[in-house]
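Me: I'd like a close look at one part of this model, namely how its charged side chains pair up. Please walk me through it, and then show me where it sits in the rest.

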Protein chains: 2
Amino acid sequence: MQKSKNISEATIKRLPRYYRYLKELEQQNIERVSSEKLALLLSITASKVRQDFCTFGAFGMQGYGYDVTNLRKEIGAILGLDKEYNVIIIGAGNIGKALYRYSGFSDEGFRIKAIFDIDVENNSFKNKANLLHIDELNNYLYEHPVDIAVICTQKEMVVDLCNKLKECGITSVWNFAPIDVVIPGMVIENINMSESLFLLSYRMNNNK
Amino acid sequence: MQKSKNISEATIKRLPRYYRYLKELEQQNIERVSSEKLALLLSITASKVRQDFCTFGAFGMQGYGYDVTNLRKEIGAILGLDKEYNVIIIGAGNIGKALYRYSGFSDEGFRIKAIFDIDVENNSFKNKANLLHIDELNNYLYEHPVDIAVICTQKEMVVDLCNKLKECGITSVWNFAPIDVVIPGMVIENINMSESLFLLSYRMNNNK
């Protein structure tokens, strides 16, 4: 399989969902899946599914469908899920703790190595996890390889933190603070949960 | 302003982001905004922005732009954010607690009334919040008006919970468990955080 440089943004955004569904099918020991079945799961058309997979050279067979494991692996490789990543979490509040505890990330190669907070003494994670004081962040980054920083702090701290991370060579950030951050030379994925709540509100009011 | 029935799915998905940006501009006391500026914030074209707003009858003035407050209110009304909602959270783990504590939701009219868990005695929220045992859910729903249930439980419980909620007349669910649930007659917004992490992984490997 060839990594195409011409995958559209819309297709890219669907890849994680394809990956997840294919993984679920794999866990159910389902070996083959049709574009129609995947289309139904993603609420798009079957021709859109076939078009998506054509972009990176995966072709199903008429009346036979796609090989679930192969397709899952191909999409995983495009998403970079065939590698391992060292991850740190900054902010040991409820969100930070939930992410630290969620085993689903390490299953995909995201290894959470440490969690930082401004208050270590009074945190329930003390002695339970590799909880470090935020003042130790620089030293830690100097001594350990880190690929991704997950930010779960107050939104006022995010820009400064990102700049500090960039100085230390960490350019990939998963941001849970409710502020969209764009910094040249960094890859920042902002999660904004209220957007999903607003969509729920729209749909319950418009019944769609 | 007229609520159009013909708003496309792509436009609908952009509405929460428009709303959020307009709110930020409002907080900065900015009264006018151009389609170009909004386009930049959303990484789409200015003509797409104008097209989106035309759909529901909001028109900017050439060289003058859109009135920030009016536009924010119009989009808010389309999203149903001009109303109040009674919300319960099911699952008082880290995610449930984070949502309970986040003030951003009540600012938009989502009033969190109670939080349920299978274990009340050993939960740090005991005596801090309206924490109730899950066995009290039926009675609670019988006695209190609830518009939205937020599910933050293990994924194995979600389908049963949704069916129980539906029986009690609650048809709107915000689901944080890592499983996509579709139930006829219910509006379920599934948040799947790993999808966002996979996109980050794609972008850091493809530099886009």
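**Salt bridges and their surroundings**

Reply: Let's start with B:Arg50, which counts as partly exposed at 36% relative accessibility; here buried is under 20% relative accessible area, exposed is over 50%, and partly exposed is in between (1.4 Å probe, protein chains only). Before going further: this is a predicted model, in which local features need pLDDT of at least 70 and side-chain atom pairs count only at pLDDT 80 or more, while totals for chains, interfaces and linings use all residues. Residues are numbered from 1 along each chain as its sequence is written, chains are lettered from A and ligands numbered from 1 in the order in which they are written, and side-chain values use heavy atoms, with hydrogens and water left out.

Back to B:Arg50. Its salt-bridge partner is B:Glu36, with the closest N and O atoms 3.6 Å apart (a salt bridge is a side-chain nitrogen of Lys or Arg within 4 Å of a carboxyl oxygen of Asp or Glu). This pair links distant parts of the chain, 14 residues apart: B:Glu36 is in helix H2 (residues 35-42) of chain B and B:Arg50 is in helix H3 (residues 46-55) of chain B. Helices (H or I, at least four residues) and strands (E, at least two) are DSSP runs, numbered from the N terminus. With a relative accessible area of 48%, B:Glu36 is partly exposed.

Salt bridges that share partners also tie A:Glu9, A:Lys13, A:Glu189 and B:Arg203 into one network. Searching the whole structure turns up 26 salt bridges over all chains.

Let's zoom in on that network. A:Glu9 and B:Arg203 form a salt bridge whose closest N and O atoms are 3.0 Å apart. A:Glu9 lies in helix H1 (residues 9-27) of chain A and B:Arg203 in helix H9 (residues 193-206) of chain B, so this pair joins two chains.

Next, B:Glu195 and A:Arg17 meet through their side chains in a salt bridge (3.2 Å, N to O). This pair joins two chains too, because B:Glu195 lies in helix H9 of chain B and A:Arg17 in helix H1 of chain A. B:Glu195 counts as buried at 11% relative accessibility, while A:Arg17 is partly exposed at 31%.

How do the two chains relate? A rotation of 180° with 0.1 Å of shift along its axis superposes chain A on chain B, with an RMSD of 0.0 Å (by least squares on the C-alpha atoms of residues with pLDDT of at least 70 in both copies). That is the relation of a two-fold axis. In chain A, A:Asn94 has the C-alpha nearest the axis, 2.4 Å from it. Both copies use the same surface, since 100% of the contact residues of chain A recur in chain B; contact means heavy atoms within 4.5 Å.

Strand E7 (residues 172-175) of chain B pairs with E8(B) over 4 bridges, in the parallel sense, and B:Val173 has B:Ile188 in E8(B) as its bridge partner.

As for chain A as a whole, it has 9 helices and 8 strands, and of its 208 residues, 51% count as buried.

Methods. Pairing = 2+ DSSP bridges.
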